[in-house]
Amino acid sequence: YCVGIIGAPFSKGQRRDGVQRGPDLIRAAGLVQKLKGQGCIVKDYGNLTFEDIPDDEPVGRVKMPRAVGRANELLAGAVHKVKSDGNTCVMLGGDHSLAIGSISGHAASRNELSVIWVDAHADINTPLTTPTGNIHGQPLSYLIHELHSKIPILPNFSWIKPCIAAKDIVYIGLRDVDPEEHYIMQYLGIKTFSMTDVDRLGIAKVMEQTCEHMFSKVKKPIHLSFDIDALDPSVSPATGTPVAGGLTYREGIYITEHTCQTGLLSAVDMVEVNPKQGRTEDEINSTVTAAVDLLLACFGRVREG
Ligand SMILES: N[C@](CCCC[B-](O)(O)O)(CCN1CCC(O)CC1)C(=O)O
Ligand SMILES: [Mn+2]
Ligand SMILES: [Mn+2]
């Protein structure tokens, strides 16, 4: 596997300080060395630099629009470069608003994508439905063709063009969905595997049906957007919006092992690791270790050795 790593130390899609330290923590845990150790060719493109934007007043409910818009424009360019260089892209966050740039940049180099969104949350609020104004709860709304008419003009967002269809998205791990998001997902007919489905079917069946859905027509490159809060807080407590009843470590690894085996993984986001949300060193280490192990499984690490 040829892997290109981008660090996106960005936190303005939400309110808690610390998530910008995710990229360097994941690197410090040995991600590059471990990927090389399992035979990957790895290029680390370093961290993006996000200029401070003063007076970034909310627009309607939406908070920090100028900073989020600009950061994602930079990220989109960086992801496009990684893809043009022929690598599978690994974007280390940072908060989940970064999926706007990651998916946009990926779509610019691969015109049609399947998106697997692993998350406790749906992250599909529009600027008009968001209960908090935090853009890390909204990224998908800016990217889906069918929602384009629901998105108002926002400063530094004019570069964004919708690039994915609702039918090309599969959710895994949902357990904290806002009522408006639930309506949107149903209205668009988006394929979802909530934690209830994971319990009912088991993770193997979930992945089987995820692939069945994605490959029902043509096989497209996969964009895996993994929010570490999809895992149970007993595994990954150091994150901004933990929700009880999440995926076990093993279920998370099964998802990334299975995604790897499709041979279609083209980009992966690993977001929402926040060391300041960990109460002890152990909690931080457990969260970062899970993030690293999930990524290693994306690139060929298998438990049978
Ligand atoms: N859906 C939330 C959470 C987004 C989480 C983003 B992430 O990237 O971590 O997936 C709001 C969640 N909801 C707000 C009201 C509360 O009572 C319950 C939680 C939002 O802020 O839009
Ligand atoms: Mn989440
Ligand atoms: Mn998320």
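Q: How many helices and strands does the protein have?
A: In this predicted model, the protein has nine helices and eight strands. Its radius of gyration is 17 Å, close to the 19 Å that the globule rule gives for 305 residues, so the protein is as compact as a globular protein of that length. Along its principal axes, the C-alpha trace spans about 50 × 40 × 40 Å, and 59% of the 305 residues count as buried.

Q: In what order do the strands of the sheet lie?
A: Strands of a sheet pair through backbone hydrogen bonds, and they do this in either a parallel or an antiparallel way. Here an open sheet of eight strands has the order β2-β1-β3-β8-β7-β4-β5-β6, and the pairing is parallel. The strands at its edges are β2 (41–47) and β6 (191–194), each of which pairs on one side only. If direction is ignored, neighbouring strands of this sheet are turned by 15° against each other on average.

Q: Which helices pack on the sheet, and which strands do they touch?
A: Helix α4 (residues 99–109) packs on the sheet and touches β3 (88–92), β4 (114–118), β7 (222–227) and β8 (265–271), with a direction that makes about 170° with that of β7. Helix α7 (residues 203–214) also packs on the sheet, where it touches β4, β5 (169–174), β6 and β7, and its direction makes about 160° with that of β5.

Q: Is β4 enclosed by the rest of the structure or exposed?
A: Five of the five residues of β4 are buried, so β4 is largely enclosed by the rest of the structure. Both of its faces are covered, with Ser114, Ile116 and Val118 buried on one side and Val115 and Trp117 buried on the other. As for its partners, β4 pairs with β7 in the parallel sense over five bridges, and Val115 stands opposite His223 in β7. Four bridges join β4 to β5, and these two strands run parallel, with Trp117 standing opposite Tyr171 in β5.

Q: Which residues are the protein donors of the manganese ion (ligand 2)?
A: A site of this kind is read by looking for N, O and S atoms that lie within 2.8 Å of the metal. The protein donors of the manganese ion (ligand 2) are Asp119 (OD), His121 (ND1), Asp227 (OD), Asp229 (OD) and Asp229 (OD), and they lie 2.1 to 2.5 Å from the ion. Along the chain, these donors follow the spacing D-x1-H-x105-D-x1-D. Both Asp227 and Asp229 are buried. The manganese ion (ligand 2) and the manganese ion (ligand 3) are 3.3 Å apart, and Asp119 coordinates both.

Q: What kind of peptide bond joins Gly93 and Gly94?
A: Gly93 and Gly94 are joined by a cis peptide bond, with an omega of about 5°. Gly94 has its place in the loop between β3 and α4.

Note on methods. Residues numbered from 1 in each chain as written. Chains lettered and ligands numbered in written order. Predicted model: local features only at pLDDT ≥ 70, side-chain atom pairs only at ≥ 80, totals over all residues. Heavy atoms only, no water. Donors = N, O, S within 2.8 Å, 3.2 Å for Na, K, Ca; no water. Buried < 20%, exposed > 50% of the residue type's maximum accessible area, 1.4 Å probe, protein only. Pairing = 2+ DSSP bridges. Axes fitted to C-alpha atoms, helices over the stretch in contact; angles between N-to-C directions. Contact = heavy atoms within 4.5 Å. Rg over C-alpha atoms; globule rule 2.2 N^0.38 Å.
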